[in-house]
Amino acid sequence: MTRHAGAPMPDSLRHFMRASQHPARAVPCPHCGAAAHRPCVLRASGRQLTAPHPQRISAWAELTACCPECQVTPTVPCHDGGWARQTVHDRRQQEAQETAA
């Protein structure tokens, strides 16, 4: 039996096929451990979720957008008065959504 590796998919076609997915699926989920481009799952049952976990959305926003509230650049965590936050500011999440659209 012959295995066929197939041709690589062009980025423009890959983007078109994933357009219906939330853009946060481009990063791994820190909550459930789902790989990039895979849906989040419930850790107890393994059931796939239709929406990504809030932690995954925060991780995606941190990687892609600047925060207008605390003035940090992408990849730098948001902070409140010098203390690092567990999630990003809502305004940073909105900024990431606008740039992804």
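The model is predicted; local features need pLDDT of at least 70, side-chain atom pairs count only at pLDDT 80 or more, and totals for chains, interfaces and linings use all residues. Residues are numbered from 1 along each chain as its sequence is written, and side-chain values use heavy atoms, without hydrogens and water.

The protein has three helices and two strands (DSSP runs numbered from the N terminus: helices, H or I, of at least four residues; strands, E, of at least two). Their order from the N terminus is α-α-β-β-α. Of the 101 residues, 25% are buried (under 20% relative accessible area, with a 1.4 Å probe and protein chains only). The protein exposes about 7200 Å² (Shrake-Rupley method, 1.4 Å probe). Carbon and sulfur atoms supply 55% of that area.

Helix H2 spans residues 54-64, and helix H3 spans residues 90-100. They pack at an angle of about 70°, with axes 9 Å apart (axes are lines fitted to C-alpha atoms over the stretch in contact; angles run from 0 to 180 degrees between N-to-C directions). H2 and H3 are therefore roughly perpendicular (65 to 115 degrees). H2 makes the contact (heavy atoms within 4.5 Å) through Ile57, Trp60, Ala61, Glu62 and Thr64. H3 contributes Arg92, Gln93, Ala96, Gln97 and Ala100. Five of these residues are nonpolar, three polar and two charged.

Ser58 also lies in helix H2. Ser58 is buried, with a relative accessible area of 8%. Leaving aside residues up to four places away in sequence, Ser58 touches Thr87 and Val88.

Technical notes
Buried means under 20% relative accessible area, exposed over 50%, partly exposed in between (1.4 Å probe, protein chains only). Angles under 35 degrees count as roughly parallel, over 145 as roughly antiparallel, 65 to 115 as roughly perpendicular and the rest as oblique. Ala, Val, Leu, Ile, Met, Phe, Trp, Tyr, Cys and Pro count as nonpolar, Asp, Glu, Lys and Arg as charged, and the others, Gly among them, as polar.
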